Amino acid sequence: MSDTRISQTLTAEMLDTFEIFRGLTRAQLAAVAGIGTTREVAAGQDIIAEREPAEALFVIRSGLVQICLEAGLDSTVAVSTLGSGKALSWSAVLGRQAYSGTARTVEPSSLIAIPAAPLRRMMLEDKDLAVALLTAIGRMTAARLDDTRYQLVGVMGHPGEPGDAAPAG
């Protein structure tokens, strides 16, 4: 991320506006804000890269971020574009060792970065924090799976519907 500016000014009030942090108490929000930073990232910059160590949770304050997966030796496929308020790289919070995709800014973007290791320690010490964050991650995962299902239906059609007979070999 060569075109990135990092700032330390993150507040509980800033976090309170994002879905992933809803349900946290003011004290929990302040604690999470205390370990996080904000980042201003230029267009076309990788935020995270597939198979790199999963070290942080990111939330998009503004801008657009495209999620890509490696599809071959020198090929990637864009699978999703996320905008303001969306979280990415939650695999880091779940203790996953590596990121499962690459996230690249489509336009100049403002991000919140929460380092995963201290956040996981906080979750171990505060079970209510853990439940709230894991519930939010579960909701986001379900929504992304729904989006993926709709994409698959769009690509593959509606097999099994009347009149959709498979072509004869």
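In this predicted model, strand E5 (residues 65–70) runs antiparallel to strand E8 (residues 102–105), and the two pair over 4 bridges. Within that pairing, valine 65 has threonine 105 of E8 as its bridge partner. In general, the strands of a sheet pair through backbone hydrogen bonds, in either a parallel or an antiparallel way.

**The sheet of 4 strands**

- E5 and E8 belong to an open sheet of 4 strands with antiparallel pairing, in the order E3-E8-E5-E6.
- At its edges are strand E3 (46–48) and strand E6 (76–82), each of which pairs on one side only.
- From one strand to the next, the twist averages 35°.

- E1 pairs with strand E2 (residues 37–41) in the antiparallel sense, over 4 bridges.
- To find a spot in this pairing, look for serine 7, whose bridge partner in E2 is threonine 38.

**The largest pocket**

- The largest pocket has a volume of about 610 Å³.
- Its lining is made of 20 residues, and those nearest the centre are Ile67, Val79, Trp90, Ser100 and Arg144.
- Two or more lining residues come from each of E5, E6 and helix H4 (127–156).
- H4 gives the largest share of this lining, with 6 residues.
- By class, the lining of the largest pocket holds 9 nonpolar, 8 polar and 3 charged residues.

**The second largest pocket**

- About 160 Å³ of space lies in the second largest pocket.
- This pocket is lined by 12 residues, with Ile47, Ile48, Glu55, Phe58 and Tyr99 nearest its centre.
- E3 and E4 are the elements that give two or more residues to this lining.
- The largest share, 3 residues, comes from E3.
- Which classes of residue make up the lining of the second largest pocket? There are 8 nonpolar and 4 charged residues, and no polar ones.

Methods
Residues numbered from 1 in each chain as written. Predicted model: local features only at pLDDT ≥ 70, side-chain atom pairs only at ≥ 80, totals over all residues. Heavy atoms only, no water. Pairing = 2+ DSSP bridges. Axes fitted to C-alpha atoms, helices over the stretch in contact; angles between N-to-C directions. 1 Å grid on protein atoms, 1.4 Å probe; cavity = no way out; pocket = protein on both sides within 12 Å on 5 of 7 lines; lining within 4 Å. Points joined across faces, edges and corners; volume = space filled by probe spheres on them. Nonpolar A, V, L, I, M, F, W, Y, C, P; charged D, E, K, R; others polar.
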